[in-house]
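I opened this notebook page to record what I looked up in the model. The metal site came first, then the backbone.

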Amino acid sequence: MGVSRPTLVFCVLAAAVLKFAVLCSGGITSSFVRKIEKSIDMPLDSDVFKVPPGYNAPQQVHITQGDHEGKAVIVSWVTADEPGSNIVQYWSENSNQKHQAKGEMKTYKYYNYNSGYIHHCTISNLKYDTKYYYKIGTGNTTTTRTFWFTTPPEVGPDVPYTFGFIGDLGQTHDSNDTLTHYEQNPIKGQTVLFVGDLSYADNHPNHDNLRSDTWGRFIERSVAYQPWIWTTGNHELDYAPKIGEKKPFKPFTHRYQTPHETANSTAPFWYSIKRASAYIIVLSSYSAYGKYTPQYRWLEEELPKVNRSETPWLIVLMHCPWYNSYSDHILEGESMRVMYESWFVKYKVDLVFAGHVHAYERSERVSNTAYIIVNGICTPGIDQSAPVYITIGDGGNVEGLVKIMTEPQPKYSAYREASFGHATLEIKNRTHAYYSWHRNQDGYAVKADSMWFSNRYWHPVDDSTAAHS
Ligand SMILES: [Fe+2]
């Protein structure tokens, strides 16, 4: 059935008016502010921090992707009483055949804190799209615990997959709300893309690493069963020369692993993975990124390698946002933006997720790459080859919400709101993905921002007019 000419004209005009309104009004600033006061870290004796029962029982169990394609998993855990075994026993759901892999164990000291025995074990050559059980704490003296995960489907262009996004989580009651809402979201996230700032242990005296342990126990209920992909934030630096701690990232590098070697990266802070139909690039805002640095050279070689016929969705994670219209952390991401933004446009990155700013913001597709020091062209402009930038540093940590915004709302900012929450991205096929942000609202998760994204490589239409739910 055809569409009548007057209807068509009306639709075109309406779309043009809507687009004009979006670009000229600077998008939507939600007046909805859920919480002004800071919430404190949950007490050490909270249920969510409980040590699992049994002698030397493995605790703080967490998994992440262990290779470039999704056929390996790194299992990590801590034992408190004695080293115990480094072995992971695992088997697929429909098989009685047990396999085992042997990992390694490490410890570290941080000021007056001595870590438990931290185990990391990579299990490889797994089958795609398969549920596996894994058992840790094997051996004579240790209490065993068993968990499970499902490997991703084989990498391919139209493979549906759902990611969750959490940032700047910390360990307050609000953090607990965010994690609970993510777990209870009927949109079932299969992997968390975490954009940095994990435990906020460094906000405690001498960076009290007991708070790294409590955080590990707090998130176990999710991350023992599905991988979280790690980005480092400023709270992972733990650079404290006054107390003799001069090596950046010390607790993070002992506690968390990333598959950086399988991505040809020389450091765990910048790397990439393929997962289903997505190619995820993780960058480090707090490692050198200027020209000629290892991170720069890695990214320069990495972006041309992304095969959009294999993984259509190109997603970048970093901690410090490039486009941020809140009062906090203004321009902190600017030097990295200057270094890399033209590459993001050239290689048509779909989405960039960052944290750091403790609030929510989504941009239009914009770029700002024309400026050289003599020409004065320094205003972000709509660019359909550019990514959408999303700030999701609203996990709920102890530092509280950022509620002061720059006014007026800049044109590039499509939606901003000072609430805690999490987001999900449901990739449907090579052309379409449904995105939604879920605010924490009085104990409930309420969808407050959502839109369909069109893939920049396969379907680069203007998807901004579909914005705003
Ligand atoms: Fe941060």
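I traced the donors of the iron ion along the chain and noted the spacing D-x36-N-x84-H-x36-H. I counted as donors N, O and S atoms within 2.8 Å of the metal (3.2 Å for Na, K and Ca); water is not among the atoms, so sites may look incomplete. The model is predicted: local features need pLDDT of at least 70, side-chain atom pairs count only at pLDDT 80 or more, and totals for chains, interfaces and linings use all residues. Residues are numbered from 1 along each chain as its sequence is written, and side-chain values use heavy atoms, without hydrogens and water.

I listed the ligands as Asp197 (OD), Asn234 (OD1), His319 (NE2) and His356 (ND1), at 2.1 to 2.3 Å. I recorded the arrangement as irregular because the four donor atoms subtend angles of 89 to 170 degrees.

I then checked accessibility, where buried means under 20% relative accessible area, exposed over 50%, and partly exposed in between (1.4 Å probe, protein chains only). Asparagine 234 is partly exposed at 24%, and histidine 356 is buried at 3%.

For the backbone, I noted a positive phi of about 50 degrees at aspartate 238, which is not a glycine. Aspartate 238 is buried, with a relative accessible area of 8%. I also found a cis peptide bond between glutamate 407 and proline 408, with omega about -5 degrees.

Definitions and conventions
Four donors count as tetrahedral if all angles lie between 85 and 135 degrees; four count as square planar and six as octahedral if opposite donors are over 155 degrees apart and all others between 65 and 115; anything else is irregular.
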